[in-house]
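Welcome! Take a moment to look over the sequence and the model, and then let us walk through them together.

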Amino acid sequence: IAIAMDRDSLAMSDVQDIGEWDPDDCTLADHTFAGSCAGMAEHLVMFPVDTIKTRLQARPACSSACETSVLHCMRRLMREGPCAPWKGSGTVLVGCIPAHAAYFSIYESLKPRFGVALGQRDHPLGSSAAVAVAAVAHDAIMTPMDVMKQRLQLGFHSGVSDCARHIWRTEGARGFYCSFGVTLAMNVPYAAVMGGTNELLRHALRESGVSETSTYVLAGAGAGAVAGIITNPLDVVKTRLQTQSCVDALPAAPAAAGTSGLATARRATAGYAACVPAPLALMPARPIGLSNTAVRYLPTAASASIAAAAPQLLYTNPVQAAGRIWAEEGWTAFVRGIGPRALYHAPSVAISWTVYETVKHTLGRMRHARSE
């Protein structure tokens with residue numbers, strides 16, 4: 001009996017040391033608030049990089065609006081104005097607070113239990129499993145926001161509410177979760193790789209004498225880059241599923257002298273017509289915003305009614321989408337945007353976990369100071 005009690009005491013001490021919330025350490029509210037702060041910092045700081053990644057991945061190589069490189073995409077965004085890289089950021093304000101609150105709260109709840117079950121404090125596999133489970137709750141909240149975010153990043157809608165109404169009217173509730181399956185297939189392994197790598201790097205950095213804050217930053221950056229690169233092919237499939245109903249919305253070259261804006265719009269969409277089903281390819285386009293440097297397009301009223309009645313989609317599910325991308329564009333399509341994705345996730349994870357740990361420990365110290 002005494003031996004059994006000693007084992008139970010050791011297990012409970014491990015749980016409390018690892019960081020599960022309790023009244024004397026961090027409360028559920030602390031983890032929720034710290035997670036919300038982490039999500040806001042991560043998404044808002046890194047949003048322009050995510051916009052570049054989305055534009056590189058969204059369009060097939062045969063599209064005339066397809067950016068050929070990061071610099072090409074950056075030049076187009078600069079021509080569209082200073083706010084162009086931030087299109088769709090409003091969805092982040094709506095979704096990332098509850099999503100990250102759930103993510104970090106579930107992570108902190110499960111990590112100690114998995115670690116104790118594996119018999120080692122802060123076991124990397126325990127962290128991987130906890131983060132993977134937390135990712136499911138996170139994606140259930142964020143997927144509809146991400147669908148709208150990516151369509152707004154392509155310049156297709158005037159705002160979040162306009163985008164939401166359009167998706168509901170033309171695709172129904174299913175449109176908001178069209179990529180949920182591939183999102184889970186991407187983010188669960190991403191989270192597992194990121195969580196385990198993050199824990200391994202933290203152990204190595206602490207043993208080498210690196211400061212705590214630097215440990216959070218360096219471990220998060222390394223884990224984010226590794227996980228982002230490994231899961232990039234699935235991110236390409238997810239982006240295509242989420243943005244396929246959008247017409248070519250990126251800026252085209254200015255109209256030549258004596259050429260009407262409508263003719264320019266039709267020429268700009270000619271390259272895209274080769275990549276879409278016939279009913280969508282034949283839709284006439286009309287400019288909705290004309291300037292010396294940027295033209296955006298939407299279907300005409302007639303073509304919009306046709307699309308609303310019977311939307312024609314390139315991809316019906318993740319497996320079919322991956323097969324079609326492979327057949328039409330080859331393996332290179334699956335590495336499009338891999339550079340911006342790595343550049344996004346490295347600082348993104350570093351910012352998120354550093355802000356989370358800093359806010360969590362600050363709240364804990366404030367609680368202890370008040371109790372003394």
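Here are some questions and answers about this structure.

Q: What kind of model is this, and how are its residues numbered?
A: This is a predicted model, in which local features need pLDDT of at least 70 and side-chain atom pairs count only at pLDDT 80 or more, while totals for chains, interfaces and linings use all residues. Side-chain values use heavy atoms, with hydrogens and water left out, and residues are numbered from 1 along each chain as its sequence is written.

Q: What percentage of the residues in the protein chain is buried?
A: Buried means under 20% relative accessible area, exposed means over 50%, and partly exposed is in between (1.4 Å probe, protein chains only). Of the 372 residues in the protein chain, the buried share is 48%.

Q: How many cavities of 30 Å³ or more does a search of the whole structure find?
A: On a 1 Å grid over the protein atoms alone, a cavity is a set of points where a 1.4 Å probe fits but cannot get out, and lining residues have an atom within 4 Å of a point. Grid points are joined across faces, edges and corners, and a volume is the space filled by probe spheres set on the points. The largest cavity holds about 600 Å³ of space. In the whole structure, the search finds 2 cavities.

Q: Which helix gives the most residues to the lining of the largest cavity?
A: The lining has 33 residues, and Glu42, His43, His138, Asn187 and His345 lie nearest the centre of the cavity. Elements giving two or more residues to this lining include helix H2 (28-58), helix H8 (180-207) and helix H16 (338-371). With 8 residues, the one that gives the most is H5.

Q: How many residues of that lining are nonpolar?
A: Here Ala, Val, Leu, Ile, Met, Phe, Trp, Tyr, Cys and Pro count as nonpolar, Asp, Glu, Lys and Arg as charged, and the others, Gly among them, as polar. The lining has 11 polar and 9 charged residues, and its nonpolar residues number 13.

Q: Where does the kink in H2 lie?
A: The expected span of a helix is 1.5 Å times one less than its number of residues. H2 has 31 residues, yet its end C-alpha atoms are only 38 Å apart, short of the 45 Å that a straight helix would reach. The bend at a residue is the angle between axes fitted to the seven residues ending there and the seven starting there. In H2, a kink of about 60° comes shortly before the proline Pro48, at Phe47.

Q: Is Glu199 buried or exposed?
A: Glu199 sits in helix H8, which has 28 residues and reaches 40 Å from its first C-alpha to its last, close to the 40 Å expected. Contact means heavy atoms within 4.5 Å, and beyond its neighbours within four places in sequence, Glu199 is in contact with residues including Tyr107, Lys111 and His123. Because its relative accessible area is 2%, Glu199 counts as buried.

Q: How far apart are the C-alpha atoms of Gly220 and Ala346?
A: Gly220 is in helix H9 (residues 212-230), and at 0% relative accessibility it is buried. Leaving aside neighbours within four places in sequence, its contacts include Ala346, Val349 and Ala350. Gly220 and Ala346 are 126 residues apart along the chain, and their C-alpha atoms are separated by 6.8 Å.

Q: Which residue lies 267 residues from Ser69 in sequence and 9.1 Å away in space, C-alpha to C-alpha?
A: Ser69 is in the loop between H2 and helix H3 (70-80). With a relative accessible area of 30%, Ser69 is partly exposed. The residue at that separation from Ser69 is Arg336.

Key:
On a 1 Å grid over the protein atoms alone, a cavity is a set of points where a 1.4 Å probe fits but cannot get out, and a pocket is an open set with protein on both sides within 12 Å along at least five of seven lines; lining residues have an atom within 4 Å of a point. Helices (H or I, at least four residues) and strands (E, at least two) are DSSP runs, numbered from the N terminus.
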